Amino acid sequence: MTSTEKDNFIIELQKQNEELKFQLDQLRKLVFGSKRERVVLNTNPDQGNLFVEQVQRALAEENVIVDRKSVKKTKPSRKGIKRNVFPTQLKRIEEYIHPEDLDLQSAQVIGEDVTELLLLKEAILEVRKIIRPIYKNKDEKIQQAPIPPRIIPKGMVDESVIAHLINEKIQHHTPLYRQTKKLKQQGLSFVKK
């Protein structure tokens with residue numbers, strides 16, 4: 001072997017050594033490094049990248065945000081801030097509040113301030129009273145209309161109560177003992193779970 005061949009061989013071994021060190025460092029980071037989700041980039045050249053532009057824009061915005069952090073922030077003006085608006089399908093109950101010492105017949109309205117507050121009314125319990133008169137016709141035959149069918153035969157609750165209890169149990173994960181407690185607070189002491 002000539003000296004140039006030896007030098008080339010040494011250079012090649014050094015490159016291979018550096019590559020192996022790099023791979024070892026990467027494996028150590030993978031095994032012993034912090035555990036978090038890692039992004040695996042697509043290495044297939046035949047498959048296109050969908051979000052390249054979005055990622056580049058996000059990185060550019062990140063750089064802008066980092067630059068903005070060094071600048072002292074000023075408090076934004078309240079002129080551009082808008083309040084939340086309640087859905088239009090909700091029922092509105094209007095309440096007028098007038099000054100106490102004002103004669104309303106002689107005063108003229110020149111404007112008004114409107115404040116909307118969200119109001120919650122609890123479920124209203126009512127008793128459905130089914131009255132079935134008993135008739136006696138000319139033939140001395142007694143007749144009465146049959147009671148409408150119910151989900152729970154001989155039960156004392158309407159379908160609406162059952163639907164409410166199921167909704168509370170399934171959708172809102174309210175245990176039955178809490179539902180029973182709520183009904184007892186409304187005066188229904190005979191309800192049991």
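Visitor: What do the buried residues of helix 4 pack against?
Guide: They pack against helix 3 (159-170), contact meaning heavy atoms within 4.5 Å. Both are called helices because they are DSSP runs (H or I, at least four residues), numbered from the N terminus. Residues are numbered from 1 along each chain as its sequence is written, and side-chain values use heavy atoms, leaving out hydrogens and water.

Visitor: Which residues of helix 4 (residues 176-185) are called buried?
Guide: Gln179, Thr180 and Leu183. The arc they cover around the axis is only 100°, which puts them on the same side of helix 4. On the other side, Lys181 and Gln185 are exposed.

Visitor: What makes Phe32 buried or exposed?
Guide: Its relative accessible area is 68%; since buried means under 20% and exposed over 50%, with partly exposed in between (1.4 Å probe, protein chains only), Phe32 is exposed. Phe32 belongs to helix 1. With Leu27, Leu30 and Val31, Phe32 forms a nonpolar surface patch with about 450 Å² of accessible area together.

Visitor: Which elements have the lowest and the highest mean pLDDT?
Guide: Helix 2 (residues 52-70) has the lowest, 63, and helix 1 (residues 3-32) the highest, 90. For the chain, the mean is 79, and 77% of residues reach 70 or more. Where pLDDT is low, the predicted coordinates should not be read in detail.

Notes. Predicted model: local features only at pLDDT ≥ 70, side-chain atom pairs only at ≥ 80, totals over all residues. Helix = DSSP H or I, 4+ residues; strand = E, 2+ residues; numbered from the N terminus. Arc of directions from axis to C-beta. pLDDT = per-residue confidence, 0-100. Patch = residues over 30% accessible without salt bridge, like charges linked within 9 Å, V, L, I, M, F, W, Y side chains within 5 Å. Areas by Shrake-Rupley, 256 points an atom, 1.4 Å probe, with all protein chains shown as cover. Salt bridge = Lys/Arg side-chain N within 4 Å of Asp/Glu carboxyl O.
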